[in-house]
Amino acid sequence: MSGSATPEGDDYSATVLGSHWFSGPPDATKRMAPEPVAPDRIEGSVLRFGPGVTAAMPAPFPVHTTTAFAPAPRRRRLAGLRRYTLAAVVLAGVLAYLGWQRFGPGIEVRDVAVRTDPKGPACDAAADVVAVVATNGRPGILTYRWVRSDGTRSEQLTERVPRGQREARLHLLWTFKGTGNYAAKAELQLVSPGQRTAAVDFTYRCSP
């Protein structure tokens with residue numbers, strides 16, 4: 001066989017030498033470094049190069065082929081909106097309650113009664129006359145005056161009623177001196193809220 005024959009068969013394939021292979025005598029002044037091969041895709045901790053496959057490095061923990069999908073952004077948004085809506089409803093309810101407590105209906109008087117010891121005061125002593133004012137438990141101020149049967153009356157007085165207190169007690173101390181009998185009457189005049197009156201009769205008795 002003369003010369004070099006070029007194979008033409010179907011099973012022929014040319015071998016491409018790497019860049020670290022060279023033809024001819026070696027040149028100490030020139031050495032070609034191998035060109036790096038960039039990966040064409042990345043899957044987990046395994047880098048796949050073309051052509052061929054690099055050996056997979058052991059992972060510090062098992063790598064599963066299945067991937068856990070995070071909840072869809074729309075679901076997360078809906079869940080967040082539900083949480084915010086619930087918080088807003090609770091906050092609105094609290095604010096409405098506090099507003100009703102502060103700015104809701106004021107104090108209302110349900111009933112007024114005046115009483116004292118039916119035996120009357122002792123000689124040269126004071127009668128303790130008490131007006132019991134029943135309310136609706138709301139906070140507010142009662143404005144009132146006392147009128148006595150001896151022709152005297154007090155100035156307008158006020159009593160502050162706190163929230164939750166459903167009864168206010170207003171006192172009048174009427175002092176008597178001397179001997180004899182005196183038929184007395186004490187009347188409470190409620191000025192506000194609303195106008196009401198209530199009175200009690202008693203007798204002062206002091207024998208010489």
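At 36% relative accessibility, D150 counts as partly exposed, a label for residues between buried (under 20% relative accessible area) and exposed (over 50%), found with a 1.4 Å probe on protein chains only. Welcome to this structure, a predicted model in which local features need pLDDT of at least 70 and side-chain atom pairs count only at pLDDT 80 or more, while totals for chains, interfaces and linings use all residues. Residues are numbered from 1 along each chain as its sequence is written, and side-chain values use heavy atoms, leaving out hydrogens and water.

**Salt bridges**

- The structure holds two salt bridges, each defined as a side-chain nitrogen of Lys or Arg within 4 Å of a carboxyl oxygen of Asp or Glu.
- One of them joins D150 to R148, with 2.8 Å between the closest N and O atoms.
- R148 is partly exposed, at a relative accessible area of 25%.
- R169 and E167 form a salt bridge too, at 3.2 Å from N to O.
- Both of these residues are partly exposed: R169 has a relative accessible area of 43%, and E167 has 38%.

**The three-stranded sheet**

- Three strands make an open sheet in the order β3-β4-β7, and their pairing is antiparallel.
- Strands here are DSSP runs of E with at least two residues, and helices are runs of H or I with at least four, numbered from the N terminus.
- At the edges of the sheet lie β3 (109-115) and β7 (167-175), each of which pairs on one side only.
- Neighbouring strands in this sheet are turned by 15 degrees against each other on average, with direction ignored; the axes are lines fitted to C-alpha atoms, and angles run from 0 to 180 degrees between N-to-C directions.
- In general, strands of a sheet pair through backbone hydrogen bonds, either parallel or antiparallel.

**Strand β4 and its partners**

- Strand β4 covers residues 126-135 and is joined to β7 by nine bridges, the two running antiparallel; two strands pair if DSSP finds at least two bridges between them.
- On its β3 side, β4 pairs in the antiparallel sense over six bridges.
- V130 of β4 stands opposite R115, and V130 also stands opposite H171 in β7.
- A131 has L170 as its bridge partner in β7.
- Seven of the 10 residues of β4 are buried, so this strand is largely enclosed by the rest of the structure.

**R110 and its surroundings**

- R110 belongs to strand β3.
- Leaving aside residues up to four places away in sequence, R110 touches A134, T135, N136 and R196, where contact means heavy atoms within 4.5 Å.
- R110 and R166 are 56 residues apart along the chain, and their C-alpha atoms are separated by 9.4 Å.

**Backbone details in the loops**

- D124 sits in the loop between β3 and β4, and its phi is positive, about 50 degrees, although D124 is not a glycine.
- The peptide bond from S192 to P193 is cis, with omega near 0 degrees.
- P193 lies in the loop between β8 (180-192) and β9 (196-206).

**A nonpolar surface patch**

- L86, V90 and V94 form a nonpolar patch on the surface, with about 270 Å² of accessible area together.
- Patches take residues with over 30% relative accessible area and no salt bridge, joining like charges within 9 Å and nonpolar side chains (Val, Leu, Ile, Met, Phe, Trp, Tyr) within 5 Å.
- Accessible areas come from the Shrake-Rupley method with a 1.4 Å probe; for residues, only the protein chains shown count as cover.
- V90 lies in helix α1, which spans residues 73-103.
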